Amino acid sequence: MEDALMQPAVLVERRGGTLLLTLNRPDRLNALSLELVQAFEAALTAAADDGSWRVCLLAAAGDKGFCAGADLKERATMSEEQVRQFVPRLQALASQLSSLDRPTIALVQGAALGGGLELALACDLRIAAEEATLGLTEVQLGIIPGAGGTQRLTRLVGVAKAKELIFMARRLTGAEAVAEGVANAVVPRAALLETGLAWAERIALGAPLAIVAAKRAIDEGAALPLAEGLAVERACYAPLVETTDRVEALNAFREKRLPRFEGR
């Protein structure tokens, strides 16, 4: 128990060009305490300043919970004013995650409820374990999703489906999450990290600047009318024409070899 208390609330690890961030409160199902939020904010700030990684995986310690949402035990000790301040902070945390310029993948095992699912929704992709439980269940606590869930889920699955999932506080299995468009893939729990690393390696085969530009074009254009979205796409495309990576890709194609991208 003493060793667990000495562990940081967020573990930071490198696997080659992949950055692995692990929520580390397994005894509390990785619930979002003040300590965990502070540690995650710091880890994301450091990640944004570190240009050496290509893909970020968001994982969680333990087998039972990816993140059970807000730490209700801690929240019960907060005043109404403290709660009012904490909820926008959770929204800002999810936005900080979503604003990373390189791809992010959530590896969801166990429960991803409320704020936990909102963190996963802030990632670009989600891989769920078969026994995972995903849901925005806040209405059963007399509140609504407050860390971006009403907006990100709606953009992901559409208005009617988002209303169904939130109004009914539905809890989806990993397979159901894929069927509903909430997750990208479902795998056995034992294969979750391995699959995430394989996806990260596949993404890293692309030119780094092109991946960043593609993410920006998708994210910025998604909520715009088509003509404006196409303008965003053109703006993201144009600088890539002058990169050495584009020339390298053409040379590699001509020489029938894999390109050696340098991110410039």
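1. A residue is called partly exposed when its relative accessible area lies between the buried class, under 20%, and the exposed class, over 50%. Leu29, at 32% relative accessibility, therefore counts as partly exposed. The model is a predicted one, and the points that follow should be read with that in mind.

2. Leu29 is placed in the loop that runs between strand S2 (18-23) and helix H2 (34-49). A positive phi is likewise found at Ala169, where the value is near 50° and the residue is again not glycine. Ala169 belongs to the loop between H7 and strand S9 (172-173), and because its relative accessible area is 6%, Ala169 is classed as buried.

3. Which residues of helix H7 are buried? In this helix, which spans residues 159-167, they are Ala162, Leu165 and Ile166. Viewed down the axis of H7, these buried residues fall within an arc of 95°, so they line one face of the helix. As background, an α-helix has 3.6 residues a turn, so residues three or four places apart point the same way. On the other side of H7, Ala160 and Phe167 are exposed.

4. Helix H7 also carries Glu164, whose side chain meets that of Arg170 in a salt bridge with an N to O distance of 2.4 Å. Glu164 is partly exposed because its relative accessible area is 25%, and Arg170 is partly exposed because its own value is 23%. Both residues take part in a network of salt bridges that links Lys161, Glu164, Arg170 and Glu180.

5. How many salt bridges does the count come to? The total is 19 salt bridges, and the general point is that side chains of opposite charge can pair when their charged atoms come close. One of these pairs joins the side chains of Asp50 and Arg14, at 3.4 Å from N to O. This pair links distant parts of the chain, 36 residues apart, with Asp50 in the loop between H2 and strand S3 (55-60) and Arg14 in strand S1 (residues 10-15). Asp50 counts as partly exposed because its relative accessibility is 25%, and Arg14 is partly exposed because its relative accessible area is 36%.

6. A further salt bridge is formed by the side chains of Arg257 and Glu248, at 2.6 Å from N to O.

7. With regard to aromatic rings, a search of the whole structure finds zero aromatic pairs.

8. Finally, the surface holds a nonpolar patch of about 280 Å², made by Leu72, Leu141 and Ile143. Of these residues, Ile143 lies in the loop between strand S8 (133-135) and helix H6 (149-157), and because its relative accessibility is 40%, Ile143 counts as partly exposed.

Technical notes:
Residues numbered from 1 in each chain as written. Predicted model: local features only at pLDDT ≥ 70, side-chain atom pairs only at ≥ 80, totals over all residues. Heavy atoms only, no water. Patch = residues over 30% accessible without salt bridge, like charges linked within 9 Å, V, L, I, M, F, W, Y side chains within 5 Å. Areas by Shrake-Rupley, 256 points an atom, 1.4 Å probe, with all protein chains shown as cover. Salt bridge = Lys/Arg side-chain N within 4 Å of Asp/Glu carboxyl O. Helix = DSSP H or I, 4+ residues; strand = E, 2+ residues; numbered from the N terminus. Buried < 20%, exposed > 50% of the residue type's maximum accessible area, 1.4 Å probe, protein only. Phe/Tyr/Trp six-rings, centres within 6.5 Å; stacked < 30°, edge-to-face > 60°. Arc of directions from axis to C-beta.
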